[in-house]
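Student: Could you help me learn to read a structure, going feature by feature?
Tutor: Gladly; let us look at it together.

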There are 2 protein chains.
Amino acid sequence: MFQAAELGRQLSKADFEAELPSLRAQLLQGQIALMQDPQQAVLVVIEGLDGSGRADLLNHLYAWLDPRGLKTHTFWDPSDEEQERPFFWRFWRSLPQKGSIAIHLGGWYRDLLTDAIHGSLDDARLDLALAKRRNLEQMLALEGVIILKFWLYLPEAVQRERLSQEADSPDDRWGNLAAKNALKSRHRFLHIAEHVMRLTDSAVAPWYLIEATDANYRDMTVGKTMADALLNAQQRHQHWRLSAQSELTNLGSVPSLPNASSAQVSVLDRVDLTVKMSKSDYKKAYETVRHELSSLAWQAWRAKKTTVIVFEGWDASGKGGAIRRLASALDARLYRAVSFGAPTEQELGFPFLWRFWHELPRAGRVMMFDRSWYGRVLVERVEGFAEASVWSRAYHEINNFESELIESGVVLIKFWLHISPDMQLERFKDRESTPYKQHKITDEDWRNREKWSAYEQAVNDMLFRTGTEIAPWTLVSAENKYVARIEVISKVVEQLKQALK
Amino acid sequence: MFQAAELGRQLSKADFEAELPSLRAQLLQGQIALMQDPQQAVLVVIEGLDGSGRADLLNHLYAWLDPRGLKTHTFWDPSDEEQERPFFWRFWRSLPQKGSIAIHLGGWYRDLLTDAIHGSLDDARLDLALAKRRNLEQMLALEGVIILKFWLYLPEAVQRERLSQEADSPDDRWGNLAAKNALKSRHRFLHIAEHVMRLTDSAVAPWYLIEATDANYRDMTVGKTMADALLNAQQRHQHWRLSAQSELTNLGSVPSLPNASSAQVSVLDRVDLTVKMSKSDYKKAYETVRHELSSLAWQAWRAKKTTVIVFEGWDASGKGGAIRRLASALDARLYRAVSFGAPTEQELGFPFLWRFWHELPRAGRVMMFDRSWYGRVLVERVEGFAEASVWSRAYHEINNFESELIESGVVLIKFWLHISPDMQLERFKDRESTPYKQHKITDEDWRNREKWSAYEQAVNDMLFRTGTEIAPWTLVSAENKYVARIEVISKVVEQLKQALK
């Protein structure tokens, strides 16, 4: 593979200067188009050999592009903030917003390469990690991120010379030793890099191998590739809007199982809605679980065990009340609760999971999501805000996201608060007639109610496709608020106990 | 997840009989539409618990559908034929042709489940194997295969009862012991099955969990799901043809690297075309390598080492001649050579790699491909026979295919025979004026020649994107036929020697 970058390609200073004006015009034109109609984002990944001039290239790109639409991210040693969250968190916080360009130096490949070279990653684990990155890139692409990955290469003699020069320079960050190590591991590094590129080269996130011996050639080639991508982006997006059905849509959404007519029964129907609890029993039970929870939360904090709790459920099923009771058992320094409605304009500028990644807490904290990433397969599906191809692939994307959380040690608890349509009606009416509850009821609630059976289908599909062995759903009988609240807190207590064992 | 299949759903005999006529009509209507306009194929995978009635379901499907368009494949112990080829070969030979339906009992999940239960597959390897299957299913879907995966579930008590009944039956294939084992490993099996479904549930190949306690409900639900898919298939395909640009197309094809204008040099340009060899030197060299090769081929046969040799190159670059010289060193029982032109109608009925899988030899043989799977990224790309989205994803598909070959122990050697445009012209003219060579030259050759630079770009992209660390390309200087032939045979000798060490 690397023979393609040992050709001695170069560009004379005169040729470089001659081509530069047109390159700069194209890059700016593309960037301005991107900014004026922010439908896509651009993610540029720069990888390669030490000494290949990644920083020089970067400086050129900054000189050529409008730096206001450009952010660069290096991924040196992770900060405290980053270490306390799932591995990919630092990359999600570094994603470009639509209309802008992000440059990742190394990005999600660098650690893998290092680990693989030092042998701390066996073949299967490396390949699995690569498959995850491939998946991630495909998902980002489908969510509107244009991905360009450059790999800067130098022949051995050139790298040797470059590194010795760098080691002599007074502002060298790496020093002589690092240079020697880079040369010593060069062969192994290249072998693994070739493997990495093979498994992560894809139509939506291709690798570009750049011969980096001549800086003029290197920077001009990268610049032109970016200019092409920027100029194509707009055109591509128009096609996208025009084509009524996309390839993935054509391939089909995930259909629900047809129910044999006389067998219309679902998991939801099996939730026992007749369970009752008196106010006094509730108060007693609440005092007990509340103290238990309070103590467990502090233990979890000391053990750096993060808890993420998802609340989904029908309108007026009591999500807010359950969250308030749960929260009141916790020290305010330990928890946060966030409510998710329709995404803001800023949030729409990122892949849909971004706003949830964004809210992930530091280690040892409890995070409560009042509605969550499941919006995509519930309200967005039912109301048609997301195309079938989009919500269909979301099940898998959600499962992968939750898998990242769990692998990083997060305790994930998911509740569906279930009530009957009659109970919902009763509570809606109560809300309308109670002054301090009127803000809770809107026309939209009544409209949603009319689509009960469409939502029911969506909920059932969600429960099946995301009720996984690592992140099962807890169905809560919420017809009686006391029952629901105690069940919710007890479940959290139970899960925390288990996690802290 | 499995709670969704413990609901006691059932269908009375009367209801079943009442719904049956309409189901049968729909199934047949869908199947006939599929057969009359064979643009898609249907792959049905049936998995599930022992005792869940997979065979009974199958018999119902046979009664309802036209069995002429239906093939069932069980994957019991692999045959000799199958064991001597890469793992997925048995599945490729069992794929449905467009217009038809294939049913896989277990399919590519069964072995994995078994291995995982017996602990012979650690977590990372299991997940990697699942990622491969997910990839494979996505590729098949993009190539026109509609995939439906059913998972038949029984509650524990029901399974226990069923298996004890089966064990008592005189024609029971499995016997009492197997039934006991199935129950003993039930919990572990379900845990792994849930994991498998989570990682391989996708929009293009979703899993359907079927409650199989009641046979009427089970068969009616599977039947209806199939009928829906069949009836949708046609409509979906029309959308496909209509939408000028598909989602993956919109996401972009893999662009070539732009060349800085004064740096137009490629890997191909670096092939030294000035090397010469006299006829007498050639004859001498040929005798030597020929005997070496002959002996190595027999050693490889005894060692069951399979060799696959790919010949690609310009028209008139001497592929045929090189193959003939290579072949004449081999015992005719040990090798085959196949030439690939435009796909036949039958071949077009399958995913594009099918015809190459189809030709994979038994263990220890040598297979020569005169043109190959690279047609997709060469002629199909340049001539526009494949859309950009299609040839762009082919690089990765090809790399995966070759990786399967190599993992199974195949020695894979890939040649690109390179000549100059002048030499091609000379040989074309010679072909025209030599009577016994005239069949080798057609108008198409002249037309292709006009597209030299487009082909050159495609070749360069191919060399980079598929010249991997496990399957590098050998660029052969073919301006002089003697040089080329000796280089080809010597390379094969060298690779075989290394493989047999």
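**Reading a sheet and its helices**

Tutor: Helix 9 (residues 186–200) of chain B lies across strand 1 (41–48), strand 4 (145–153) and strand 5 of chain B, and runs at about 155 degrees to strand 4 of chain B. Helices (H or I, at least four residues) and strands (E, at least two) are DSSP runs, numbered from the N terminus; contact means heavy atoms within 4.5 Å; and axes are lines fitted to C-alpha atoms, for helices over the stretch in contact, with angles from 0 to 180 degrees between N-to-C directions. This is a predicted model, in which local features need pLDDT of at least 70, side-chain atom pairs count only at pLDDT 80 or more, and totals for chains, interfaces and linings use all residues. Residues are numbered from 1 along each chain as its sequence is written, chains are lettered from A and ligands numbered from 1 in the order in which they are written, and side-chain values use heavy atoms, with hydrogens and water left out.

Student: In what order do the strands of the open sheet in chain B stand?

Tutor: Strands of a sheet pair through backbone hydrogen bonds, either parallel or antiparallel. Here the open sheet of five strands in chain B has the order 2-3-1-4-5, with parallel pairing, where two strands pair if DSSP finds at least two bridges between them. Strand 2 (70–74) and strand 5 (207–211) of chain B stand at the edges with a single partner strand each, so one side of each has no neighbour in the sheet. From one strand to the next, the twist averages 20 degrees.

Student: Which residues stand opposite His104(B) and Ile103(B) in strand 3 of chain B?

Tutor: Strand 3 (residues 101–105) of chain B pairs in the parallel sense with strand 2 of chain B over five bridges, and with strand 1 of chain B over five bridges as well. Thr72(B) stands opposite Ile103(B), while His104(B) has Val45(B) opposite and is also the bridge partner of His73(B).

Student: Where does the kink in helix 1 of chain B lie?

Tutor: The kink, of about 40 degrees, lies at Leu20(B), shortly before the proline Pro21(B); the bend at a residue is the angle between axes fitted to the seven residues ending there and the seven starting there. Leu20(B) is among the buried residues of helix 1 of chain B, which also include Phe16(B) and Leu23(B).

Methods: Buried < 20%, exposed > 50% of the residue type's maximum accessible area, 1.4 Å probe, protein only.
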